[in-house]
Structure formats: C-alpha cells, structure tokens
Amino acid sequence: MAAKRRDNATRPAIVVDRVSKQFRVPQERYFTLKERVLHGFRRTRFEPLEGLHEVSFNVHAGEFLGVVGRNGSGKSTLLKCIAGIYRVDRGDIRIAGRMSTFIELGVGFNPELAARDNIILNAILHGLTRRDAAARVDEVIEFAGLEEFTELKLKNYSSGMYVRLAFAVMVQIDAEIILIDEVLAVGDAAFQQKCYQEFDRMRDDGRTILFVSHDMNAVNRFCDRAVLLERGEVIAMGKPSDVTGEYLAVNFKRERGADATELIGTLRDRAAYVADAWIEDEGGSRREYLEQGRSYVCKARVEFNEDLEDPSFGLAIESARGPTVFTTSSGWAGQHPGSFRAGEHVVFAVAFDNPLAAGRYYVNAQLEILEGPQAGVVDRRDRATAFVVTGTDAEGSLVSIPHDFTFQRVAAQEVSS
Amino acid sequence: MSAQASATGTTIAGLHSDDRAVRFLRLTFSLAVMEFKIRYFGSVLGYLWSLMRPLMLFGVLYVVFTHVVRFGGGITHYPLKLLLGIVLWTYFAEATGQAVQSLVAREALLRKIPFPPAVIPLSVGLTSAFNLGLNLCVVILFVLVSGIGPAWSWLELLPLLVLLLTVTASVSTLLAVLYVPFRDMSPIWEVVSQLLFWGTPIIYVIETVPSGARELLMMNPLAATIEQARHVLIDPSAPSAAAASGGAVRLLIPLAIVGLVLGASLELYRRMRPTLAERL
C-alpha cells in the first residue's frame, strides 16, 4: 500500500515497462567478409540468450533504487538498456530528466591527457556543455584531492589517484538521474567512506539513483527500495533488507543444490554423513548475513548409518578469497561425545563471536574418528554452508583482532639515546 | 515531462536548450581537439613530425618524377601541384584509414557511455582535418614563395574543402560501421585506397591523361576536387574540373557519387546503430 501511495504522490523518473531483451548468440559467428562469402548460403543458426524477460518497475523521482542479482542475472543488461546503449526488443523505457550513466569508473579517460583535460572530456561525454565542464574542473580536483597533479598525465597516476579522479567526476556531474554499476568496490577505506558520504548527499539532494550492486551492505544502507533479478526476471521487489535477504537465499540455494546432487550417491554408503549445516543467531533463527562482532552458532546435522564410538565433529571456515581462516574439532578440544547408534540424527553446534572481516565465507563440516580401528574421516562436506559478513572493521583483511591503540609522546633525546 | 525513449533510448526529456545535434557536434569536436592535442602537443616536434610525412612523400616523388623519369619537367608548377595533391590525398587516406577500426577500438567506451557512435569516426576525421588545415597553410606558403600572388579565386578552395570533408566523413562512417560485422574491411580498404591513389591525379596531372580515360577518371570526386583546387590555387591555365570532365554538366557525376556515398553511409548507420554496441 505504501508503495502505491508513493506512486500517486511522486512522478516516476524511470519507467521500465515489460522490457525484454534477447541476445542472439550465433553458433558460428562470421567475423569477416571472406567467411560470409564462403558460408554465405548456409544460414547462421542463432541461440537466443535471454537477457531480460518482461521486466517492469518504476523508479520514483528522488528515489535510490538498488538492483541486485547474481552474475548473469541481467543487471548490467538492464542498466545498459535504460542508458540506451542496448536496444530493447520489446517493451518501453521512459526517462524523465537529465541522465548520466556510470557503468565503470574512468571509462573514457585518456592516459595521454592531463587530469584537467580528462575531466572536461569526460564531463562532455556525459552530456555537459563545454562551459559547464570547464566550470567543474576545480571542484572535481578538490574532491579528488589531486590539486598538485592537475597537469600530470593520467598515465602517471597511481591506480588510487585514477579511481579518485573518476569518482570525483561522477559526483560532480549533477544529472537528475544517475545510473551506477558497481563503482563502490574501489579505493581505500578512507576514500570509500568519502564515497558513502557522497551517496548520502546525492540522495539528500533528491537525485534519482539506480544502483546496481553485489554489495548487500551498501544496498541496505543507501537504497529506499531494491529489485532482485534472477535469470532476467524480477523475482523480488521491495524493502532493501527483504530483497537482499532473498538474494542471499537464492545465491546459496544454488550452491547447496549443486553439492547435494554430487553427494547423493555416496551418502548412503557412509557410516555417517553431514546432512545439513547452517548458521543461527543468538535467538535461534538461521542467518546467512552475519554482522561483525556479534555471537552466532554454526550447526550441522549428522545422520548415522552405523554405530560409531566417540566421533569428532569438526568445522573449518574458509574465506571466499582463498585462505582457511579457522578450524576446530571437538576431538582436539578433548571432548568425548560418546557413542551413537545407526539411525540417530545429531546436531552439533559451535558457538562463536564473529571476528571476521566483511566478505564471503564457506563452512566445511567434517566427521572423523581419531583413534582405534575405525580411525579416519567418516564424512567431509566442503562448503556445507556459506555466509556473508558485513561490517567495516578490518577492511581488506580477514579478521578483526580485538585491539587497542595507545599514544605516548616521547622526548626527542630519549629516542636518540 | 516524460519522454519516450527512442529505439536507441538516448532521448532524454528536460535537455533545456541543449538538443541532441548540439551535443553530437560538441562531442565530435571535443574528441577531435583532444586527439589533436595528444598527437601534436605530446612532443615539441609533434606537428613537425606529422608534416614530415607528406613532405617526405612529396620530396621522394618530386625527385623521382622530375629528375629520374623526367615526368614533371613539362608541367607548369609541377612541384606545387604535386604537393597540393599529396596534402589533400593524405587527409583523405589518413582519415579513412584510421576510421576503419575506430568503432571497434573504442568498444569499452561505446559499451559503457551512451552517446551516438558516429561521433567516433567523425572525430577521427576532424582530427585529420585540423592537420589538413595546417598542411594547407604550408602549401599556401610554398605557393606564395613561388611568386603566385593571392587571388579571389582562392576562395573557391572553401567549397572544395567542404566537398572533400563530406566525402571523407561519409566514407569514414561507412567503413567504421562496416568493420563491425566484417573484420576484414581493413585490408580490403587498404587495397581500394591504393587503387584510388593511382586513380586520382596526385603525382600526375589530368591533362597528361589521354582523353577518354580522362573523363572516366574525372568521375572520381577526389580527382575533380584536386584538379579544381590546382586550377584555382596554383595554375589558372590548367584545366578546371569542368573542362577536364568535358563539360560542366558532367561534374554532376562526381557530385552524384558524393551524394550516393553520403546517403549510403547515413542509411547504413541508421540501420546498424541500434545494435552496434552489442555487436562490437
């Protein structure tokens, strides 16, 4: 109901009305006239690849709308259709207002030109007049903090400087409607903070922003509403927290599904197997989206096909970036859970305070016998579950170790002696 | 307030006093200026180097055709006519040659910022046109040094240049768009370009061509442009384009060809444009 009232109260800035877009991917693509002539009489067969299917939504003037979805779900295609880079096959896209598109930061920068020229050129590419572009140069440079490097050619810029300049150009182009694709994944923590502030400012200014992102944190933080795309269709639309939750569910279901089919044949042969794994918060509800510093419980359900004596339950947390961050096992902790009978189901739990840095993690669960004639791994389930940690501590690293800062002034003589 | 996005979707309502044509021209011009800057301000000798190319070609051809094969000896102001021909041809060859792959080379830009793709080949041509302007100043300097005084007829160069720019822009756009589906356009155009070079009175003058072949050659808009430019700028005694074609009416043929090429490039661009970005 609330959304409906809003519809009536505000005019839409972007209307996407039953938009479909297919890419025709030729099975053999002829790239030259020669090939065309040689194969001219054969018809090229096309495999239609659905980009977008009957996508409809409105973005109200002044709204910050997030678009989320897995890779290949059609997010970028949608953005390019709205921007007018791709033509839609069916449906309508209507835009009211001056629009700028930022699909990638720094597109159109020429490394051979100095910052000043690049700013002007980029602003003109995004639709500004030459005079407006020239008038913004100083603001852009100031925002990027590159006052000393205005005459330096871009090829001599560090990647950090380059990104700052690109972002600065973006925020200074004051279009009424801004389309942004994944531009926040740039720069150091301090610059990201600045970018976040700019996003807040843009929203407060009443700009209409369509924001495509993989960063659920950012979507939750900035967006008024969000849309979830899956295989070119809108499968959820509404409150950002609901939509990002749905995104995580869709995302992880897929991974688990793949694991299950692989395992299905082997599970029954084992003495016991890990049937399921998940994370709960303190209140006992399942979470796939963990906050830094809070307490959670990782649980796994083990089903026994045979009697087993004193098995050891273990788990490992692996970062999506590669390294295993943490491993533990009840056996190492010296615990003896006793014996289990065939047919029993057991849930084992590991409670922990979450010290992990923002990012994506997988849980590997394992059941083994440490001693005796049965010793060995009974079952090991890699990536039994996955979760995403949100937060801003320890950015770019793996864990946030509890720590304190102290400062002490030291006299110069004491240092030298 | 809301405007229907056109098939290509770039229409945006609320563009006060800043319509699409203005934006198109501004973008073309800005890109050309920046490119020119990169090419010629990068090094102190930047422009001199670019001038070296036509001058070297001129020098070699001059030596070969006046001293080795003794071809130009009987032609009045042969060196000047040769230089003018080379300068005009260099513009056409350079602009079209660079335009061929220009769209594909800027794939990232075209896929990520919405703007009319034709801006790219046209700005490439405009950069070469700036260069042509400078080179023509050098030619005029040579003309004056040779003792030929300025005349009102020189003004006729302007419409001739407009014609040359039109042909070049049309061919450039045509080639750039054709290159997207046909990636062997580049070697094809190199061959055609070679043929055109010899089929155009650049190192020779039209009056040395036997009548019959002469009228045929004069159907080439480049031939007509270069011959007329020689007639008005250097040597009024040389046949005008009309005279060489065998009557002013026959000039309609090269003009019609220009119109045809222009029309073809506009039509092809109109058809290919909506799907251009995804086919790059």
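Predicted model: local features only at pLDDT ≥ 70, side-chain atom pairs only at ≥ 80, totals over all residues.
Colleague: Take the six-stranded open sheet of chain A. Which strands are at its edges?
Modeller: The order is S5-S6-S7-S3-S8-S9, with mixed pairing. An edge strand here pairs on one side only, and that picks out S5 (99-102) and S9 (233-238) of chain A.

Colleague: And how much does that sheet twist from one strand to the next?
Modeller: We're still on the six strands in the order S5-S6-S7-S3-S8-S9 of chain A. From one strand to the next, the twist averages 15°.

Colleague: What is the bridge partner of A:Val227 in S9(A)?
Modeller: Look at strand S8 (residues 225-230) of chain A, which pairs with S9(A) in the antiparallel sense over five bridges. In S9(A), the partner of A:Val227 is A:Met237.

Colleague: Helix H3 of chain A lies across several strands. At about what angle does it run to S6(A)?
Modeller: The helix covers residues 75-83 and lies across S3 (64-69), S5, S6 (177-181), S7 (208-212) and S8 of chain A. Relative to S6(A), H3 of chain A runs at about 150°.

Colleague: Now the five-stranded sheet of chain A. What does its twist average?
Modeller: This one is also open and mixed, in the order S11-S19-S18-S14-S15. Its edge strands are S11 (289-291) and S15 (324-329) of chain A. From one strand to the next, the twist averages 30°.

Colleague: Within it, which residue in S19(A) is the bridge partner of A:Gly359?
Modeller: S18 (residues 359-369) and S19 (residues 376-390) of chain A run antiparallel and are joined by 10 bridges. Across in S19(A), A:Gly359 has as its partner A:Val389.

Colleague: How many nonpolar residues does the contact of H4(A) with H5(A) have?
Modeller: On the H4(A) side the contact includes A:Ile119, A:Ile120 and A:Ile124, and on the H5(A) side A:Val137, A:Val140 and A:Ile141 are among the residues. By class there are no polar residues and three charged ones, while the nonpolar count is 10.

Colleague: What covers the buried residues of H4(A)?
Modeller: 10 of the 11 residues of H4(A) are buried, so the helix is largely enclosed by the rest of the structure. Among the buried ones are A:Asp117, A:Asn118, A:Leu121 and A:Asn122. The cover includes H5 and H6 (159-172) of chain A, together with H1 (20-41) of chain B.

Colleague: Over in chain B, are H2(B) and H6(B) parallel or perpendicular to each other?
Modeller: The axes of H2 (residues 46-68) and H6 (residues 119-145) of chain B come within 11 Å and cross at roughly 70°. H2(B) passes H6(B) in a right-handed crossing. The range from 65 to 115 degrees counts as roughly perpendicular, so that is the word for H2(B) and H6(B): roughly perpendicular.

Colleague: Which residues in H6(B) do B:Tyr47, B:Ser50, B:Leu51 and B:Pro54 meet?
Modeller: The contact of H2(B) with H6(B) divides into five nonpolar, three polar and no charged residues. The four from H2(B) meet B:Asn131, B:Leu134, B:Asn135 and B:Val138.

Colleague: One for the backbone: is B:His77 buried or exposed?
Modeller: Most residues other than glycine have a negative phi. B:His77 has a positive phi of about 50°, and its place is in the loop between H2 and H3 (78-99) of chain B. The cut-off for burial is 20 or more C-beta atoms within 10 Å; with 22 such neighbours, B:His77 counts as buried.

Colleague: And A:Glu54, is that buried or partly exposed?
Modeller: A:Glu54 has a positive phi too, near 50°, and sits in strand S2 (residues 46-60) of chain A. With 13 other C-beta atoms within 10 Å, A:Glu54 is partly exposed.

Note on methods:
Residues numbered from 1 in each chain as written. Chains lettered and ligands numbered in written order. Axes fitted to C-alpha atoms, helices over the stretch in contact; angles between N-to-C directions. Helix = DSSP H or I, 4+ residues; strand = E, 2+ residues; numbered from the N terminus. Parallel < 35°, antiparallel > 145°, perpendicular 65-115°, else oblique. Left-handed = near helix turned anticlockwise from the far one by under 90°. Contact = placed C-beta atoms within 7 Å. Nonpolar A, V, L, I, M, F, W, Y, C, P; charged D, E, K, R; others polar. Pairing = 2+ DSSP bridges. Buried ≥ 20, exposed ≤ 12 C-beta atoms within 10 Å, placed from the backbone.
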